Amino acid sequence: MSILLILFCILSAITLLTAFLTVFSKNPIHSAIYLVICFFSVAGHYLLLNAQFLAIVHVIVYSGAIMILFLFTIMLMNLNKENEVHKPRITRLGAIVSFCLICFVLILIFINSKPIADGSYDVTGEDYQSIKVLGKVLLNEYMVPFEYASILLLVAMIGAVLLSKKEKLEK
Amino acid sequence: MDTNLALVLLLTPLLGFLINVFFGKKLGKTFSGIVGTLSVVVSFAVTLYFFGYITVAKQPIQIILFDWISISNFNLSFGLLLDQLSILWLLFVTGIGSLIHLYSISYMHDDEKMHTFFAYLNLFVFFMITLVIGSNLLVMFIGWEGVGLCSYLLIGFWHKNQEYNDAAKKAFIMNRIGDLGLLIGIFILGMLFSTLDFTTLKTAISGATNLNSYWLGVAAFALFIGACGKSAQIPLYTWLPDAMAGPTPVSALIHAATMVTAGIFMISRLNFLFDLTPEVQNIIAIIGAITALVAATIGLVQNDIKKVLAYSTVSQLGLMFLALGLGAYQVAIFHVVTHAFFKACLFLGSGSVIHALGGEQDMRKMGGLKKAMPITFMTMLVASLAIAGIFPFAGFWSKDEILITAFEHNIVLWVIGSVASIMTAFYMFRLMYLTFFKEFRGTEDQKHHLHESPSLITAPLIILAVLSFIGGLISLPKNSWLNEYLAPIFRKVTEEEHTLGTFEYGLMAIALAGAFIGIGIAYSKYIKQNSVPEEDSKITGISKVLYNKYYVDEAYDVLFVKPINALSGFFRDYIETSISALVFGLAKVTNELSFQGKKLHNGSIGFYLFAFVLGLCAIISYLFLAQ
Amino acid sequence: MNTLIAITGLGVLCLLFEILNLRKAIVPMTIIGLLAILGLTVSEFNTSGSFYNNMIVVNKFSMAFSSLFIVLTIFLVGLSHNFYEDHQSKLSDFIAIKIFLLSGAVAMVSFGNLAMFFLGIEVLSISLYVLAASNRMNLKSNEAGMKYFLMGSFASGIILFGICLIYGAMGSFDVVEISELSRSAELPIWFPIGIAMVTIGMLFKIAAVPFHFWAPDVYEGSPALTTATMSTLAKVVAMATLYKLLSVMNANISYAFQIIIVVLSIASMTVGNIMALRQTNVKRMLAFSGISHAGFMLMALLSLSTSASDLLYYASTYSLAGIAAFSVILYVCKNRDNEDIVNFHGLGKTNPLLAAVLTGALLSMAGIPIFSGFFAKLVLFNQTIEAGYLVVVIVAVINSIISVGYYFKLILAMYTKEPNEERAGTPFFIYAVAVVSIALNVVLGLFPSLVLDLLG
Amino acid sequence: MNVSLLLILLLVGAFATYLAGDKLASKVALFFSLAVLGCSIVLLNHFNAGENISFINQWISQPNISFALQADGLSLAMLLLTTALTPLIIFSSFGNEYKNAKSFYALILFMAFAMAGTFLAADGLLYYIFWELSLIPIYFIALLWGNGDAEERKTAVVKFFIYTLAGSLFMLVAFIYLYQRAGSLLIDDLYKLDLTASEQLWIFLAFFLAYAIKIPIIPFHTWQAKVYQKAPTVGTMLLSGIMLKMGLYSVIRWQLPIAPLAAKQYMFVFIALGIAGVIYGSIVALRQKDLKKLLAYSSLAHVGLIAAGAYTLTLDGLRGAVLQMIAHGFVVVGLFFAAEIIFRRYDTRTISEMGGIRSQSPKFTSMFMILVLASVALPSTFNFVGEFTVLYSLSQINIWFAILGGTTIILGAYYMLKMFQHVMLGETNKKIFADVTLNEGLTMVIIVAVLFFFGMYPKPIIDLITPSLENILTQINRN
Amino acid sequence: MNNILNQIGIENYIFLCVILFCIGVFGVLYRRNAIIVFMSIEIMLNAVNLLFVAFSTYHQDAQGQVFVFFSMAVAAAEVAVGLAILVSIFRNSGTIDVANLKNLKG
């Protein structure tokens, strides 16, 4: 067992645990906090995979922006109470069954698949994940999607405005 | 020339019909009657011409007018065949037809729809002529069905009475049952010989070497069923008594003299076929004999003057079929002719009586009319004597020939025929006695109005009475003009000439004696004992069975009419609805599925996603685990 | 490529119009702009090529479908004028979102890289989420938006996972590379799983059974014009994209996969039609009808190599009929709080023209000849029988019969019931859209070769 | 000059009628239908002169579909039936006031267009399109201008529509399958196909479903009586006079020659079904209370016989079937018109409420009587020619078929005369029966004249149809 | 430079991501609180992002990481729109319980 693997295991354990807790916590605030931890642990995975830039972006976007948005909403709606009524047993059973099923099926498939490479993975030796390279790929090859993502955000922005803007009662 | 004359012969009645239909009302009653009568008289005149022609030339005239129906293996043309047989038939069809038309001018004068009546009569004559002179079976079939139609129209002439309409309908349907038989026969003949033309059929059958006797027999039998329908033989006879619902001239013309003999005509026409199928001939003879007897027994107790005559007609037709079955076509035809004379006379006479009594037909309410209506009485007496078979009236000769032929073939048939003859004599004179003798039993009002009919009515009666008297002359034993005349039609006619020995004289005497016995019984019962038939309700025992015609109508009703109607109701109420429900059921099932499905779409995101995940798992596992 | 740029430009222009206080000009200018873009697209129809490192691949297929989408958007924008009368201040937003939605659609059929595909589908989806929920004071609309959003994001997650697996197997997002690799090398199993997951995500978008549950609810709750967009444009886009995905990346569909398609197609048709029978809400009914049509269109996937033009034809006829139907629905249900069938009572008497248009549209969907829906079904059946799936065709035929049941329910309501109240006004845009779309439908029916030979 | 002209004229007529407005609609429609009749007679002359009056043009390249209109004797005969009955039907409606008349008459012409197209189409798909197209106008005619309770009518009409559509869709599948095999749907190409016995059976059955429902053959007839009863008389006339002939025509034109092996192998089954229809229809008709329903069942019986004739696969059977189709077309139109005439005066179709009309209107009675007689195939009417030929062909297959099928002449007479008795005869009715108007009389007289003329001289029609039937017969017997 | 996967193995990442993804799915199904459901969806997306990065390393290719940027943008956009919808639902009905969204059914 290399250190990396142990690190991976620890990180994975944290990720999965916090993810579970996010789902299970009765208090939405707790869920949010667990989710933040989960995101950080995912950022740890990124670091482990040597994708530092992505890790930072991830923390900024998820933990910084998205989670704050969630928290804002929770506060706004005053939902920080454990007021959720329990779902009927059948629904929970359904959820658990489908969870087990999908896990089982997917994992079984991946286990069944033949081993990809017996221990040795490609090593090109080239730099492929420094900020420089990423920037080049993003702004050369992926220029169009990059631009197009702005459309996506624009749409989201217009949409959010559209949904929350009060209309002036003209007529 | 011949073609044109034949067309005149055929189409004048049609013209009369058309004139009466379209202008009848404007013409006025008398004039429309005259038009109707004239058109038949013209036909009669033309017939006379042809009669003269044929007696001289002895060659049949065959005319093809146009192509009619195409069948894959042969073509049917609309053609006419004027030979000895058809001209003979034409003679009495148009001849008696003319007389009855004449009679009707007066008889129907009080009816508001006289022009319609004449139109129908003319139409009938037209179809009858078509039947007789059609050169192939299918043209004959036009006439065959056409006369049935006219019979229907005329029986239901007084259409406000639904019972009359029922009778008319019954007649038509009974006839149609026979017609189906006839059609089947036609089909088989067409199939076997690829022709329906009488002359070619005759050569084909006589020339054929290896005939399929089975199919030939079936064809003959099917044709005989057709004849049964039209000529009122067992089991299809019940319509004829009911057909008396029509005006009396109609009964005289259609249901006594002409139309009902169509079956005999057809069988005589196809004698070459029936000669080859002895089994069918036997059936015909037996059916004929039984019909003669059964109808005669029923006739014994009937109280309606026209019903008696109707059953008498059936009985006489039975005798004719008996002769046909025995292969004695010319004898049958002889009886047809004499029967036409005296039965027409009887019907017209009864019409005269009914006319005088203002529509009364029940003999129990008649009597003593001898004085009031001497001419009617006399003519009817002559006709009655003729039908009873008293020497030397026409009926004696013809009936006697039938009985002799029967005796030669089968003694049982002879016995049956003789018994029927005795009964005939009885009920005819029962009729005469009840109607004309003793005291009048009707109302005072009727008595007041009793009168002899006008000359337009009596003239035809007298002519027919004369014919009934002398009609036998056309075929005297040993010296038969008729047999000679018909010789080209029938193959075996010369072989079967009777020898007139003591034996035959003996038979004649027996028949004559039988007739007198019948008359005597009638005399003792109705003149001596002065009895009058009882009220309907008091009739008991055998006579009740007879009075109710052996309950045959009821039996038919129970056996056929009611089941079919019940079946109809059953189909209508159950089968139809259940097939419909089956179709609707499919719709209902899908609808119900839809309803259940609505519960599945319960609006819950959880459930929707659950289904999503299940679907995903199912697809993935099918693709990657099940393989 | 030019089409995509022009469309996004037009979208931005729309927003500018609002700023420049040219609100009244928005609808006409957008329509003119779209017509111009349509002209541009058609003029470039025969030029094919790839742009920007193969991000956008333009060929006949993408051009044809893009043109169809543009036409549909023109109609939808036309209908907007009347529909958003009372929301003038948001008009530009609505129109702009529709235009961006169109750009997403165009991106989806002309992608050369899975990134473009993903972004396209997200633009489309997010626009639709917004539009579905856009009647903000109406709880039903909110609920529809929420349901669509939740399930849509879920499906996006699945698609993303699929893309990820494809990338894992191939090491590239470029479809050309992927398809080359998929033919040559021995594939890791990730690739087919990825394809399956992307397919499932797309099946959700086209609302095939069992991923269809959102459709009736969302169609019912959304504002009618959004429903029109979803049932015509969005469905057709998703179908075209799925077709393109499968045909571009995975030329040899395995037999098992075909069986899956057969089963889903049959299930979609049957469930859609049977469920539609008892619906009283017209939009909901059309949602189920849309599900069944999705089932029909799935049949095109059974003969991937040859059925592109059939699919195009089917998509055109279905969506044109849908537009015609919805324009009448918009007219009838304006200012009503629901789209119940009762509202249609007596339309045949009060407004025979629109009733005739709706009748035509429904007959086209039911597949009655002379309306192009019939030919669409015909060519599809033809293709499917050729591929050897007679069973599907027979089930489809039975389903066509069932479908007549509910289409005629609406027709009967229009013609045999007494009208309940007068409807005022003859809005030009609605009439124009209704008549033009049904006319186009009939023209396609009379000259099917116009479309069928396009991709030949 | 070719047959497409007819179709164009009918279509133009439909539009013109719609545009003419409610007042003029009926006259415009009559004018156009008469023009089409004239046109078809001219075409007939051209055809008899040996000219080519077909019209074939490529329509869709992929799949390969042609716009092919071909007229041989059979098609022309059916076309003439359509074009002759259409003006009659339109003319017969002159005594009625219809609301929204322009749509009504336009739909009639449109329907005539579709039906004429069905008879002319020589490409499977084109034929199918016309076939389906004819459903829509009759659906609306029955639905909107029908009589009786609206809900019941709706059920009946929708059932009819879905039912017939259901049948024909399977025919479509069969056509697609045939297309796969032949690469074209031109009828000549389809005739040339060499299909295995089992293929033929399935195709035969698919066709049969469509035709059995349309004709209708029992047990697929349940839509018929209700629709006939509920539809306006004009609609009923169109349905019974022409539309159900489409099914019978199609049997002869499409079903038998394309799948002859199956037709031969299962001939007895289909003949038996037809004959069962004869007997069943006749018996059910006996106790119907509604005049139009009774006529509907009589129609069921008659077409059963026609179908049986067609399935005998003999020249007689086919020829008899075609003759009987034409004859039945005229008779049934006449009979339904008679029912309509009574309805106009008595406002009822229930038989028990009628009776005693004969003493009020002898003219009408005579014409009705003639129609009844023609319907029961009295010799010298056109129906006899057809019925005789059909029964003859049946007797060639098996004499029992002829006997059982022949019961129609007994049972037919029974129910028709029973109906006539209760409708027309009996004590004078208390309700007033105005004598027939000139329009009504003219319509009836034309029908009666046609029936008698061709009853005595069917040769022109026989000569017209025989070559094409022989041609079809050679196709049937090709292997 | 060493490939980190030599020590951890791509399978482990796959399993991790699958399980994480499934937890997300589970959350969506299990919870009625819309906010938590959103969070679960974020977990799903994150699982995929992680897998992207893993595959990126596996292929030694930058595209996977680039794609993660797009994925993040999408996630952000979705959250923005989703929360906007959520807020308007909350305004109209006062609850964010998805189980209460059952007005549309049948």
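User: Which residues does D:L315 touch, not counting residues up to four places away in sequence?
Analyst: D:L315 touches B:S72, D:L469, D:E470 and D:L473. Two residues are in contact if their C-beta atoms, placed from the backbone, lie within 7 Å.

User: How should I read these labels, and where do the coordinates come from?
Analyst: Residues are numbered from 1 along each chain as its sequence is written, while chains are lettered from A and ligands numbered from 1 in the order in which they are written. The model is predicted: local features need pLDDT of at least 70, side-chain atom pairs count only at pLDDT 80 or more, and totals for chains, interfaces and linings use all residues.

User: What are the ipTM and pTM scores?
Analyst: The model scores 0.91 for ipTM and 0.91 for pTM.

User: Back to D:L315. Which helix is D:L315 in?
Analyst: D:L315 lies in helix α14 of chain D, residues 315-346. Helices (H or I, at least four residues) and strands (E, at least two) are DSSP runs, numbered from the N terminus.

User: Why does D:L315 count as partly exposed?
Analyst: D:L315 counts as partly exposed because it has 19 C-beta neighbours inside 10 Å. A residue is buried if 20 or more other C-beta atoms lie within 10 Å of its own, exposed if 12 or fewer, and partly exposed in between, with C-beta atoms placed from the backbone.

User: How far apart are D:L315 and D:V390?
Analyst: They are 75 residues apart in sequence and 9.7 Å apart in space, C-alpha to C-alpha.

User: Now chain C. Is C:I159 buried or exposed?
Analyst: C:I159 counts as buried, because 26 C-beta neighbours lie inside 10 Å. Its place is in helix α6 of chain C, residues 139-170.

User: What does C:I159 touch?
Analyst: Leaving out residues up to four places away in sequence, C:I159 touches C:F118, C:I121, C:M197, C:V198 and C:G201.

User: What is the domain assignment of chain C?
Analyst: Chain C has domain 1 (1-252) and domain 2 (266-456); such bounds come from an automatic or database domain assignment. The centres of the two domains, taken over C-alpha atoms, are separated by 22 Å. Their contact takes 35 residues from domain 1 of chain C and 40 residues from domain 2 of chain C.

User: Which elements give two or more residues to the domain 1 side?
Analyst: On the side of domain 1 of chain C that touches domain 2 of chain C, these are α3 (60-83), α9 (214-221) and α10 (224-249) of chain C. The most comes from α10(C), with 14 residues. By class, that side of domain 1 has 24 nonpolar, eight polar and three charged residues. Ala, Val, Leu, Ile, Met, Phe, Trp, Tyr, Cys and Pro count as nonpolar, Asp, Glu, Lys and Arg as charged, and the others, Gly among them, as polar.

User: Let us turn to chain A. What is its secondary structure?
Analyst: Chain A comes to six helices and zero strands. Of its 171 residues, 34% count as buried. Its domain assignment gives domain 1 (1-110) and domain 2 (126-171), with 25 Å separating the two centres, taken over C-alpha atoms.

User: How many residues of chain E are in contact with chain A?
Analyst: The contact joins 67 residues of chain E with 71 residues of chain A. On the side of chain E that touches chain A, α4(E) gives the most, with 22 residues. The residues of that side divide into 47 nonpolar, 15 polar and five charged.

User: And which residues of chain E does the UniProt annotation "transmembrane region" cover?
Analyst: That annotation, from an unreviewed UniProt entry, covers residues 12-30, 36-55 and 67-90 of chain E. UniProt positions are given in the numbering used here, feature names are shortened, and annotations may be inferred rather than shown by experiment. In the model, residues 12-30 of chain E are 100% helix and 0% strand, with the end C-alpha atoms 26 Å apart. Residues 36-55 of chain E are also 100% helix and 0% strand, and there the end C-alpha atoms are 29 Å apart.
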